[in-house]
Amino acid sequence: MANVNEGSSAADMVTCTIDGVEVSVPKGTRIIEAAEGIGLGIAHYCYHPALSAPAMCRMCLVEVEGAPKLAPACVTTVGDGQVINTESERALKAREGTLEFYLFNHPLDCPICDKSGECKLQDFVHSEGRARGRSLEAKRVLGQDDFGGDILYDGDRCIMCTRCVRFMREIGGEDALCVVQRGHRSVIDTFYDEGVGENLWAGNIVDICPVGALLSKDFLHKARVWDLDRTPSVCASCSQGCNIYLDGRDNAVARLRPRQNAEVNSYWMCDYGRYNYEWLNRQPRLESPLVGGAESAWQAAVISLVERLKALPSGTRVRVVGSAVLGNEDNGLLARLAEVVGDGEAVFRSSRAADEETCPGFPALRRRRDLAANVKGLELMGFSRVGDDEGHGGLAATAGEVLIVLGDDLADLPEGFARGTELFVHLTTHASAAASGADYVLPVTLYAEQEGTFTNADGRVQRFWPGLQPPAMARPAWQVLGVLLAGLGDGAAPADAGNAFLRVAQLHDAFAGLSYENIGARGALVNELVRLGAGAVEEG
Amino acid sequence: MAYPYRHEKETVVLTRGFGDPRTRTLEGWRALGGYKALGRALEMAPNDVIEVVKASGLRGRGGAGFPAGVKWSFMPKDDSKQPHYFLINADESEPGAFKDRELLRWTPHQVIEGALIGAHAIRARQVYIYMRGEFFEPAQIMARAIEEIYQANLAGKDILGSGVDIDVTLHLGAGAYICGEETALMNSLEGRRGQPRIKPPFPAVAGLFGKPTTINNVETVAAVPHIIVNGADWYRSFGTEKSPGTKLFNVSGHVVRRGNYELPLGFPMKEFLYDVCGGIRDGRQLKAVIPGGSSVPILTAAECEDLALDYESVAAAGSMLGTASVIVMDDRTNIVKQVRRMVEFYAHESCGQCTPCREGTEWLAKILRRIEVGQGTEEDLDTLLDLGANMTGTTICVLSDSAAAPVASSIEKFRDDYLALFGRAPEAPALAAAH
C-alpha cells in the first residue's frame with residue numbers, strides 16, 4: 001500500500017525549469033507560486049496570494065518555451081517539463097512596455113504621495129522600466145473620491161488592478177466597491193454614498209493597493225514611509241493577536257499594519273485594531289518612581305519596597321491586579337510575587353465587546369469579545385476576571401490588605417480609594433488620580449516599548465518586540481518584579497525578557513517547553529495537555 | 001419589394017428571403033421549405049449532425065473562420081452531469097459589419113432553425129441569442145419569431161414529437177462592443193461586467209455559468225439548415241476547397257452600390273468591387289480596402305488587384321477576411337483620419353481590464369489626433385509602431401491587437417499620408433516629457 005501511495009504522490013508532482021533552476025511542485029501550482037518557492041519574485045499588481053487572480057495587470061507575463069504567447073504567471077499552472085523564462089528578451093520587453101503604459105496616465109506625484117517608498121509602481125519602473133518615457137500627451141484627470149470611513153481614493157494614481165474590489169467581495173464579504181466606466185475612463189467607485197466605512201475590514205485595501213490610489217485619512221501626509229521605524233509586533237486591541245508591524249516616527253506610533261501569519265490573521269487586521277493606537281502615544285508619561293509621592297531613584301525605591309514586603313505581618317492578604325495588555329512575563333512574575341509575599345489572589349479587569357466580529361473571507365480571524373491581547377495568558381496563569389464589561393469596578397480596596405496593581409490605570413476609581421490598605425503599589429505608565437496616594441508608584445513600559453509575549457484566545461503564544469523608546473526611567477514590569485523577587489530571595493533577577501519567560505514557563509504548566517527560540521516569529525501553541533484539560537472541564 | 005439590390009453574380013442561399021416580409025413569419029419561412037432541416041436533424045443522432053457539418057467544411061463567420069463542426073465536436077458527449085448551452089452571437093458591432101443584422105431582420109427563422117439544430121448537435125437544451133442592444137427592429141422581429149415557434153412546438157418540450165427539449169431565449173445587450181467577444185458575452189449574459197475571460201478554460205469546458213458551451217455567429221448557424229437539407233457535398237460545391245460555401249459580403253465606403261451580397265468564397269476582389277459593387281463612386285481611384293471589418297490590416301489598391309475573397313488568400317495578402325465587412329476608400333481619403341477614428345472606437349470600447357489595451361488604445365488615439373492637426377513628427381511614427389507592438393499578444397483578448405493592427409499597416413503602407421501632415425501646424429505647445 002505504501003508504494004501505491006508513494007507512486008500517486010510522485011504522480012501529483014510536476015517538474016519545471018524557471019530561469020535555469022529546476023523545481024518540483026504539486027500539480028496545479030501556478031508559475032508565480034513555483035517561482036516564489038525558489039526565491040524568485042515575479043513582478044505583479046493584480047495578483048495577491050489571498051485573492052482570486054484576474055490576470056489583468058499583464059505584469060507577470062513570462063515566456064514558456066514552445067508557447068506562442070507570453071503566459072500570465074499568476075494563472076498559468078506549471079506543466080511537467082516546462083521551461084519558463086522570466087528574464088528572456090520577450091518577457092523583459094513586455095514588462096518594460098506594460099510599465100510604460102502604466103505611466104501614461106499615472107500622475108507621478110511621488111513627492112506628495114503617501115505610498116512613495118513602498119509603491120510597487122515606483123519599484124518596478126525603477127528596476128525594469130524605460131529610462132525615459134515617450135508620452136507627450138496630456139494626462140487624464142479624475143480627482144479624488146471619499147470612500148467613507150478612513151478611505152480616500154485618488155483616481156489619477158489608480159492602476160486598475162482591482163485588488164480592492166476583490167478584497168471587499170472576497171474577504172470583506174461585501175460588494176462595496178466596483179469598477180465603473182470602461183477603458184481608460186475606468187475608475188473604482190462605491191455604490192451611491194454607501195462607501196466602505198461600515199466595513200470592519202476596509203482598512204486593508206490601503207495596504208494591498210500597490211500604488212497610492214487608496215489612502216488612509218488617518219495616515220494622510222503624516223510621514224514619509226522611509227522615515228518610519230518598522231517593528232514586528234502583535235495587536236493588543238483584542239485577544240485574536242493579529243500579527244502587525246508597528247510603524248513609528250519620532251518615537252510615536254504613526255500607523256499599524258498587518259503582518260502575515262497564516263495561522264492567525266492571514267494578511268489582514270480589523271479596523272478596530274488598526275486605528276486603536278493613540279493610547280500608545282499618550283503623554284505625559286510617568287517618568288520617575290514615586291515613594292510616598294516623592295520622586296526617588298530606582299535603587300532606593302526597590303530597596304525600601306523589599307523591606308516593606310519583608311516586614312509584612314504573616315497572613316496579610318495580598319491582592320495583585322494584572323494587565324491584559326502586558327506580557328506573560330510581566331503578569332507571570334506579578335503572580336509569583338503574590339505567592340511569595342503571602343496568601344493572595346490574582347485578578348484582572350478588561351473590557352469586552354458585546355459580540356465577536358468574524359472576517360467573512362478568513363473566518364479564523366475575528367475581532368474577539370475580549371478587547372485586550374493577553375486575557376488567555378492571564379487566565380492560564382491563574383488570574384481571575386473581576387469588574388464589568390467596561391473594565392470597571394470589582395476593585396474596592398479592603399483595609400489592611402496589600403494591593404499591587406500592574407498596568408491598570410484605575411480610571412474608574414476615586415482619589416484615595418486605597419486609603420487604609422497596608423501597602424499600595426502601582427506599577428504604571430501614566431500617573432493616575434486614584435493612585436496619587438499610593439505608597440509606591442513605579443514607572444513601567446508599554447508593551448510597545450519592551451520585548452515580551454501575549455497568549456491569544458486560541459492559546460498561541462506570540463512574541464512582540466520594542467518599537468518605541470520608553471521614558472528614561474521606565475522599566476519593563478518583568479524587570480522590576482524580577483528584582484523585587486530576587487530581593488525577597490526568590491531566585492535571581494532575569495537578565496532579559498527571554499529569561500523572564502523561561503521563569504514563567506517553569507511556574508506554569510501551560511507554557512512548559514516553550515522558549516523564545518521555539519516560539520519564533522510566528523508563535524507557538526501553549527502546551528497541548530493544558531488545552532485538552534480546559535476542554536475536558538466543559539465536558540465533565 | 002425587392003431587396004435593395006441584387007446582382008446576377010450572387011449565389012442566393014442565405015439571402016433568399018431578403019426583401020420579402022413574408023419570410024419573417026413562420027408560415028412564410030415554411031413555404032420556402034423552412035424547418036424541414038430541423039425535422040431531419042432531430043431524427044439524426046447528435047454526433048451524426050456534427051459529422052455532416054464537419055464534412056461541409058462550414059467555417060465560423062464571426063471573424064476567426066474556425067470550422068464549426070470541429071468546434072461542436074469539442075463539447076462533452078455526456079450531458080447527464082451538467083447542462084450544455086448553445087449561444088448565438090448576434091452582437092454584431094464591428095465597424096463596417098452589417099450582415100447579421102440583415103439575416104436577423106429578414107430571416108429570423110433561418111437563424112432559429114440553425115440554432116435549434118446546433119443545440120441538438122451539442123446536446124444543449126437551452127439556446128441564448130445574445131443580440132446587441134441597438135438592434136431594436138431585429139429584436140422585435142426575433143421576439144415575434146420565437147413566440148411563433150413555441151406555439152408551433154418547434155421549441156420547448158418534446159419538439160415535433162422527437163423527445164428533444166430545447167428552449168430559446170433572446171437577450172439584449174447594453175451596447176458594448178466588447179460583449180461580442182465570446183467570453184465577455186458570457187459574462188454579460190450572466191449579469192457581470194462584460195469583460196473577456198482568461199482562456200483556458202475554453203467555453204467547451206467551462207463557458208456560460210461555468211458549463212460546457214458552444215457559441216456561434218448568426219451567419220454560421222444560418223447556413224446549417226441548408227447543409228442538413230442539401231448535404232455536405234452540395235455545400236462544398238460553392239467556394240474553395242478550404243473555404244467552402246457562400247458568404248455575405250457587406251460593403252461600405254466609396255463604391256457605387258454599398259450593401260450585402262452573397263457570393264461564393266474565393267470570389268475575385270476586383271470583380272467584386274468593380275462589377276458587383278459597381279466600381280468606385282464618382283469615377284475616382286481606389287486607394288485602400290479593409291477587407292474584414294475595422295480590426296484587420298488595411299490593403300492597398302495594388303494588393304487587391306489579384307486577390308481572391310477567401311480566408312486563405314486574404315491571409316496570404318497580409319490581412320484577414322474576418323467578417324467580410326469590406327470598407328472601401330477612394331483616393332480622396334485621408335488614411336490618418338480613418339485610422340484615428342478606428343483607434344478612437346477601440347479606445348472607447350476597451351473594457352479596461354488589461355493595461356496595454358486600457359492605456360495603449362487611448363495613447364494611440366492621442367498621438368493620432370495630434371498628428372492629424374499637424375503637430376506630429378516622424379518620431380511619433382516610431383512610437384506608434386512600438387506601442388502597437390507592445391499591445392499585441394500581451395492581453396486577455398484581441399481588442400488590443402485589433403486597435404494596433406490598422407495603425408501598423410497604415411504606417412507601413414500609407415506612410416506618405418502621415419508625412420504630408422507633419423509640419424502643417426505651428427509648433428506644438430511645449431510639453432515636457434512625462435518623466
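Helices (H or I, at least four residues) and strands (E, at least two) are taken as DSSP runs and numbered from the N terminus. On this basis, chain A contains 15 helices and 26 strands. The model is a predicted one, in which local features need pLDDT of at least 70 and side-chain atom pairs count only at pLDDT 80 or more, while totals for chains, interfaces and linings use all residues. Residues are numbered from 1 along each chain as its sequence is written, and chains are lettered from A and ligands numbered from 1 in the order in which they are written.

Along the principal axes, the C-alpha atoms of chain A fill a box of roughly 90 × 65 × 40 Å. A residue is called buried if 20 or more other C-beta atoms lie within 10 Å of its own, exposed if 12 or fewer do, and partly exposed in between, with C-beta atoms placed from the backbone. Of the 540 residues of chain A, 49% are buried. Two residues are in contact if their C-beta atoms, placed from the backbone, lie within 7 Å. Among contacts in chain A between residues at least 6 apart in sequence, 63% join residues at least 24 apart.

The contact between the chains involves 30 residues from chain A and 29 residues from chain B. On the side of chain A that touches chain B, helix H3 (residues 89-105) of chain A supplies the largest share, eight residues. That side of chain A divides into 16 nonpolar, eight polar and six charged residues; Ala, Val, Leu, Ile, Met, Phe, Trp, Tyr, Cys and Pro count as nonpolar, Asp, Glu, Lys and Arg as charged, and the others, Gly among them, as polar.

In chain B, strand E1 (residues 85-90) is mostly covered, with six of its six residues buried. Tyr85(B), Leu87(B) and Asn89(B) point one way from E1(B), whereas Phe86(B), Ile88(B) and Ala90(B) point the other way. Strands pair if DSSP finds at least two bridges between them. E1(B) runs parallel to strand E2 (residues 126-131) of chain B, to which six bridges join it, and Ala90(B) stands opposite Met131(B) in E2(B). Five bridges join E1(B) to strand E4 (residues 213-217) of chain B, again in parallel. In E4(B), Asn217(B) is the bridge partner of Asn89(B).

Helix H9 (residues 218-230) of chain B is also mostly covered, with eleven of its 13 residues buried. Among them are Val218(B), Glu219(B), His226(B) and Ile228(B). Just after H9(B), Gly231(B) takes a positive phi of about 95°.
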